Amino acid sequence: MADNKLIELIETLSVVEKRECSVFLKSPYHNRREDVLRLWEMLSGSKSEALDAKKAFSIIYPDQTFRDAQWRHLQSFLLGCVEAFLAQRAWEKTSLLSELHLVAIYRDKKLRKSLDHTLRRASDRLEKMPHDGQYYHFLYQLEWERYAVAQLQHGRTQENDLVAVSRAFDVYAAANKLRLACLMESHRTVFQVNYDNSFLPELLLFVEKSDLLEVPIVALYYHCYQALTEGNEESFRAFRRELESQGKALPEDETRTFTLLAINYCIRRLNSGEARYVREAFDLYRIGLDTRALLENGYLSRFAFKNIVALGLRLREFIWVEQFIEQYEPFLEEKYRSAHRDYNLAKLYFAQKNYGQAMPLLARVGESDLLLNLDSRVMLLKMYYETSEFDALDALLASFKILLLRKKKIIGYHSLHYLNTLRYIQKLVRLNLNDKKAAADFRAEIEANTSVIEKEWILEQVPKR
C-alpha cells in the first residue's frame with residue numbers, strides 16, 4: 001500500500017490537520033459513510049505503508065470477501081474527502097474570500113442591510129492585508145462588487161462610477177505582470193528559456209507615463225525588472241530601497257523571492273568582475289537571515305548557506321562566518337546537514353591557512369552531494385599545492401579526472417569547468433615562475449577562459465611581473 005496517493009497525502013498531514021480532518025469526516029454534510037470513516041481512522045492512526053489491503057478490507061467489511069474494485073473506490077472516495085477538507089481549510093485561512101462570496105450572494109438575494117454590512121467587513125479585512133499583488137486582486141474584486149451593488153440600487157438609468165474599478169484593475173494587472181516578468185527573467189538567465197514578452201514593452205511605457213510607479217508594489221516589481229534586464233546601478237538602488245521599505249509588510253515567500261533576486265543581481269555583477277558587490281550581496285543575505293525571509297518551511301537552502309560562507313570569507317569576516325555555521329547548521333535539511341557543515345568549516349579553516357583542521361573535515365564529505373564532493377576535491381588540490389605535497393596532488397588529479405569522466409552525464413556542463421581547472425592546476429605545478437614570458441602567457445590564457453573554477457586562486461599563484 002506504500003505507492004498510493006491517499007497514503008502519501010495522509011502522511012504529510014500534521015497532528016492538527018489530522019484532528020481537524022476527523023471532525024470534518026464525522027460531519028454528515030461532508031461524509032455519511034461509516035466505511036470511509038473506518039478507513040480514515042485506520043490510515044491516520046498507524047504506519048499505513050505496513051497495512052495489508054486484504055486485511056484492512058476484512059476489518060472494514062467483516063462479512064464480505066475482498067473485491068479490488070470496491071477497495072479502490074473506497075480509497076478514492078476518502079481521497080476526495082481529504083482533498084475537500086484541505087481545500088476548505090485553505091479557503092478559510094483567507095477570510096476575505098468568504099466575504100466576497102457573501103457579498104455576491106446577498107446582492108443576488110437583494111438583502112440590502114446584510115449586503116452593506118458584509119461590504120464594510122470585507123473592506124476592513126482587506127486593509128489589514130499586505131499590499132502585495134494579491135491585495136490588488138482582492139481590491140479589484142471588491143470594487144467590482146461595489147459597482148455591481150450601485151447598479152442594483154440605482155439601475156442602469158444612472159451613471160455609475162467605474163474609476164475605482166479601473167484603477168484597482170490597472171494596479172493588479174501591472175503589478176502581477178511585472179512580477180511575472182521578473183521571475184521569467186530570472187529563469188531565463190539560469191535555464192536559457194525564451195519567453196514571449198511582446199506585451200511587456202507597452203506595459204513598461206504605460207507604467208512610466210502613468211502614476212502607477214507611486215504604488216509601492218508596482219515600483220518594487222518595475223525597478224526589479226529594470227535592474228535584472230538593464231543591469232544599471234540606479235535601477236538596482238531603487239529596487240533595494242523599495243525592498244527594504246516594503247519587505248516586512250509583504251508575505252514571507254514574496255520577501256524571500258525578491259531578496260534572492262536582489263542577491264542574484266549582485267552575484268551576476270560579481271561574476272562580471274565587480275568586486276564591490278561582495279559586500280552588497282553579503283549584506284542582503286544578512287538582512288534575509290535577520291528577517292527570516294531566507295527560511296522556507298523552516299529550512300535554509302544549502303546553496304544559500306554555501307554562498308553566505310563564501311562571501312563572508314571573501315570579506316575576511318572569519319568570526320562571523322564561524323558563528324553563522326554554528327547558528328544556522330540546524331536550519332539545513334537533515335540529509336545535507338553534516339556534509340555542508342564539514343565542507344563550510346573546512347573552507348573557513350582553509351581561508352585561515354589552518355590546513356590541519358580543514359583536511360580531515362573534507363575527507364568526511366561523501367558523494368551524496370556530488371557537486372559539494374567535487375568542490376571538496378578542488379579545495380584539497382589547493383591545499384596540496386600550497387603545502388608542496390605534489391605526490392598527493394598528482395594522485396588526486398588523476399583520480400579526480402577519472403571521477404569527472406565517469407560522472408560526465410550527471411554533472412553536465414560543470415564537467416568542462418572542473419576539467420579545465422584540473423588542467424590549469426597541472427600546468428601550474430610544472431610552470432617555471434621565474435620564466436616571465438611563460439608566466440605571462442599562462443596568466444593571459446587563464447584570464448581569457450571563462451570556464452575555470454577557482455580562477456582567482458590560480459592567478460594569485462602567478463604573481464604579475
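Which residue forms a salt bridge with arginine 279, the closest N and O atoms being 3.8 Å apart? The partner is aspartate 283, where a salt bridge is a side-chain nitrogen of Lys or Arg within 4 Å of a carboxyl oxygen of Asp or Glu. This is a predicted model, in which local features need pLDDT of at least 70 and side-chain atom pairs count only at pLDDT 80 or more, whereas totals for chains, interfaces and linings use all residues. Residues are numbered from 1 along each chain as its sequence is written, and side-chain values use heavy atoms, with hydrogens and water left out.

Arginine 279 and aspartate 283 lie 4 residues apart in helix H14 (residues 277-290), and therefore about one helical turn separates them; helices here are DSSP runs of H or I with at least four residues, numbered from the N terminus. Arginine 279, at 34% relative accessibility, counts as partly exposed, a class that falls between buried (under 20% relative accessible area) and exposed (over 50%), with a 1.4 Å probe and protein chains only. Aspartate 283 is likewise partly exposed, at 28%.

Arginine 279 also meets glutamate 317 in a salt bridge, at 3.2 Å from N to O. This pair links distant parts of the chain, since glutamate 317 sits in the loop between helix H15 (302-314) and helix H16 (318-328), 38 residues from arginine 279 in helix H14. Glutamate 317 is partly exposed at 23% relative accessibility.

Salt bridges that share partners also join Glu233, Arg237, Arg240, Glu244, Arg269, Glu274, Arg276 and Glu280 into one network. Within it, arginine 276 and glutamate 274 form a salt bridge whose closest N and O atoms are 3.5 Å apart, and glutamate 274 is partly exposed at 22% relative accessibility. The structure holds 33 salt bridges.

Note on methods. Helices (H or I, at least four residues) and strands (E, at least two) are DSSP runs, numbered from the N terminus.
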